[in-house]
Amino acid sequence: MIKIFLLVVSIIISQGSYAAPLSTEAIISPLAKDSLLLDIENVNEQFLIAVGVRGHILRSTDGENWQQMPSPTQTTLTSVTFVNGRHGWAVGHDAIILHSQDAGLTWQIQHENPQLEVPFLHVHFKDEKSGVAVGSYGLFYRTIDGGKTWQQEFHLSLLIEEDIEYLDELKREDEAAYLSERSRILPHFNRFYQDGRTAYLVGELGLIAKSNNFGENWERMEDVYHGSFYDINRTQKGNLLTVGLRGNVFRSISNGNNWENTPIETTALLNNIVLYQGDVVFLLGNNGVLLKSVDDGLTFTLDTQADGKALLAGVIFKEKLIVASEVGIKVIQVTP
Amino acid sequence: MRPIENVINRLELTIFRHRVFVIILFLLMSVFLGYQATQIKLDAAFTKNIPLNHEYMQTYLKHRADFGGANNVLISVCNQEGDIFNENFFTSLKGVHDKLFFIPGVERTQVNSLFSPSTRFIEVVEDGFAGGPVVPADFVADEAGLAIVKGNIEKAGVVGRIVADNYSCAMVKAVLMENDPETGEKLDVIEIASKLENDIRQEYEKDGITVHIIGFSKMVGDVANGAKGVVTFFLIAIAITTVMVYLFSKSIALTILPIACSLIAVIWQLGLLSTMGFGLDPMSILVPFLVFAIGVSHGVQMINSIGKKVALGLKSKQAAEYAFRVLAIPGGIALLSDTVGFITLLSIDIGIIRELAIAASLGVGIIILTNLILLPVLVSFINIKAEKVKTPSKAQAAYQTNQEPALWRFMQSFSERNVAAVVLVVAAILFGLGFHYSKQLKIGELHAGAPSLHEHSRYNQDTFLITDRYAISVDYMSVIVETTANACTNPDVLKTMDSFQWKMENIAGVQSAVSLPSVMKIINSGYYEGNLKWRIISPNQYALAQALSNIPSSTGLLNNDCSVMPVILFLQDHKAETINRVVDAAKIAIAELNNDLVTFKLASGPIGVMAATNEAVEQAQTPMMIYVYGAVIILCWLSFKSIKAVVSVVVPLFIVSTLAQWLMTVLDIGLTVSTLPVIALGVGIGVDYGIYILSTMTQRLSAGDNVQQAYLAALKERGIAVLITGVTLAIGVSTWFFSDLKFQVDMGILLTFMFLVNMLAAVTILPAIAAFLWKKQK
């Protein structure tokens, strides 16, 4: 009885917060391009799309001039991806998923669930139909119809042995507690990265996992670090690089085995790996950290940006590094 | 005989029959008030400068206890060579922090610098947070210790707030209380300012370290210091005036007496203020000048009248009695209209303007006693040698020989209709232009820095340095959010505040903004390893409560039960147009966002005060003009009982007021607390000329003269005195041009303009109007 009561209460509360007295559409603001932007995508060298706080979606065809696009939400958007020159998706807090089918000019809400109180942190599509959105506490949504419908998945195989046993036990004893625990027990999934036929997932508590069937089954890799990873990428030379909390950079020359720590001069959180020509790799981090490697990620040199503002994500566009940062779009001149 | 003249005659008999008694009475009063005047103190309180009943200020006063309000001190300690990371600098900074902490009247819980325990850093490590004070308890200013502090400063995110952007300076901030905690009396801001100067700046500004102090108290202290220069100007004004009066009267006695009587008026005024418990505010320190100048100008009328009678062979006593009788009415009316002009300033709900009104009207009231009664009584004792008076200026020589000097002939032509028409057309064109441009008159301060002080003053240079090197400025406005208790953990409240902040950040002129939600967002991302994807207002109230636990109410971002929170907007500057733009935008955003749960209220902080003051000044402007003109019109009517006379006196005055507003737009002087009174003062004093001239003219007109004859008679009778009066008044205030204080310069320019141009208008436009109003009689 008490449980039912609590359930009712929680529904009422969550409905209350859902009916927040705020207009839902993002406000078109002069400073949107200077606001905290969390992701940026280079779409076929034709245009750039950046997303960030307050539902801001910005678009540019030259990397210098940016227009704020109408956005159906004020929720913070954390990640954006395009599969081709027309179709793109953006995800964010309140488990929101937006879709554009006109090259990012207009956006529609495909999915939204504020009651969950969890954000998506990354989105990836392999074609116009199949995509995956991942987020905090193991949030994992999949679509096979271009986002018309989304199915939630629980990848309990990514848990460590003890947690799996604990959940099994709980499931037998108390179904409700099991469901509640299941929704919070998984680590945050920070990035889903597809490399050919292999997909990688990195996240909280040293999570590095790989999948050979677009994320349906996962295999957790050896633990090399107990902090969070935020990005993983395969370099031009074919080696894997992953970066994360407190300046941790790991490199594997054997396809995800034998990770080796690359020492660097900063303890800042590293957000993103950006590949440039040849063996050049950039790492973007908090506190204005910009690291550059010219030897495929073996060694890095630090070039801290003067304002010390976090660099969240970057793309190479027209020979420039265009960055979504804490203070909006930044254009950084780079040399090979 | 009219009843009023009866009264005057009776007064004259009484006064001149008891001359010795009158003098003794004045002497006793002067001794008493002279003593009182020596007791007067400089006095400046923050609340005097603000319109306390204004809606914004009610909000400010209501929440002052929680958020300190607007009376704060910022001290930036800078290293001239290199950055702050050396032992010498940290020793100085610690010294400044401790000194400021122990100054009585400083709110000790809100002293903020690198050394305050509330300045903490938080860093994310694998298993959660690590944090501590930026300057550790065991801090030693050696290489290792400084390196730790440097790292902590970066992690704490205080660069731009209490450390300069380029690491060349660090800040110590404090808030002042309204009352001294030890005595319970009103805090002596000037005393604080001198402590800041002597105990902090003098002591620590050495060896490459510079100390830059700003804040209301320091500004007032600097203004008070600048105001002391006024004494020099006062002496210069006295000297020049004395020379002028001597050139006019050619008699040492007739020079000394009006000057002395005017000085007595000043002494009485100061003495009375002191007796009534008022201090002398730097803003109203100019009033003694006005009193002196007005006193002398009426004194000149008096000795002019006496001199003429003596030249005709009367004894000085009879001459004095005659002068008293003739001048009691026009002089009394003129001074009364001055007084009323000043009293209208009481209608403005700003303490400092009211004090100015009281001080000035008191002073002018006293002049009625000293210069209309004491002066003729004193003169009556002096044996003026007729021949001395007989060789005066050309004008008077001409008067003796009954020949009109060329100047009077020329001026008389203004009362001939053909010339008068030209004068009126020119006046109308000037008025049209003036009226057009006076629409552009701006309310408020038009320049950056403290407007009372010059741009090159140390205070303003310090202000520029601090706004240049830090991301903050003293030009901030707090919009107060009133909501329910414990609203800090209600995401809807926080989101509404956040929306407001974002709307305001997008307004040109808003440099940056901070509020509880904006800080909670940063802390929230801290709980998620510093990942900025989590820089959000958590929808979860437990997460909010957790974030909140890191923010004490001493940050000034929330009160104790979290029912009141400010959104602090830092502005580029405090120019009137910036303030207006931001306030207007805030009003729109508030109308949109106010709901059952959240009420946004304007506004605290220095800009809130300025916005309120600007609005109060703007609202006061029209009523004040109506009152002052209403008073002048009524007094003119009472003394002349003629609409024609009222029109002749008031129209030139109004044209000159309009031209003065035009001048303000040309010189980029805004309508402020210090310039608003000038208009009332200018009108009140400007009316004197018209009344003196017209009082002679109406007598002649009713005796059957035509306008030209009447005007010529007025010129002969009063012309020189009016000119001397205008020049004397103008000299008195024009010495302010050289003041250290910008507002005195502005007031000086405007008053000089008003005095001179009102005089010109009274001898040109007034007769021109009269030429058309009174029918030709022959």
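This report describes domains, cores, a sheet and a chain contact in a predicted model.

**Domains of chain B**

The domain assignment divides chain B into four parts, listed below.

| Domain of chain B | Residues |
|---|---|
| Domain 1 | 1–38 + 229–392 |
| Domain 2 | 68–222 |
| Domain 3 | 401–439 + 642–778 |
| Domain 4 | 475–611 |

Between the C-alpha centres of domain 2 of chain B and domain 3 of chain B, the distance is 56 Å.

**The residue Q269(B)**

Helix α10 of chain B, which spans residues 252–275, contains Q269(B). Is Q269(B) buried or exposed? Q269(B) counts as buried because 28 other C-beta atoms lie within 10 Å, and the cut-off for a buried residue is 20 or more. Leaving aside residues up to four places away in sequence, Q269(B) touches P288(B), V291(B), A359(B), L362(B), G363(B) and I366(B). From Q269(B) to I720(B) there are 451 residues in sequence, and the C-alpha to C-alpha distance is 29 Å.

In soluble globular proteins, nonpolar side chains tend to be buried together. The largest nonpolar core of this model has 266 residues, and the members that touch the most others are I75(B), V77(B), L569(B), A611(B), I693(B) and L766(B). Helix α27 of chain B (residues 742–773) supplies the largest share of this core, with 19 residues. The contacts of I75(B), not counting residues up to four places away in sequence, include V96(B), L100(B), M171(B) and V172(B). I200(B), V211(B), H212(B) and I213(B) are also touched by I75(B).

**A sheet in chain A**

In chain A, four strands make up an open sheet with antiparallel pairing, in the order β5-β6-β7-β8. Strands β5 (77–82) and β8 (108–111) of chain A each have a single partner strand, so one side of each is left without a neighbour in the sheet. From one strand to the next, the twist averages 25 degrees. Strand β6 (residues 88–92) and strand β7 (residues 96–100) of chain A are joined by five bridges in the antiparallel sense. Within this sheet, A90(A) is placed opposite L98(A) of β7(A).

**Contact between the chains**

How many residues of chain B are in contact with chain A? There are 19, and they meet 27 residues of chain A. Helix α19 of chain B (residues 491–505) gives the most to this side of chain B, namely six residues. By class, the side of chain B that touches chain A comprises six nonpolar, six polar and seven charged residues.

Key. Residues numbered from 1 in each chain as written. Chains lettered and ligands numbered in written order. Predicted model: local features only at pLDDT ≥ 70, side-chain atom pairs only at ≥ 80, totals over all residues. Helix = DSSP H or I, 4+ residues; strand = E, 2+ residues; numbered from the N terminus. Buried ≥ 20, exposed ≤ 12 C-beta atoms within 10 Å, placed from the backbone. Contact = placed C-beta atoms within 7 Å. Domains from an automatic or database assignment. Core = buried A, V, L, I, M, F, W, Y, C linked by C-beta atoms within 7 Å. Pairing = 2+ DSSP bridges. Axes fitted to C-alpha atoms, helices over the stretch in contact; angles between N-to-C directions. Nonpolar A, V, L, I, M, F, W, Y, C, P; charged D, E, K, R; others polar.
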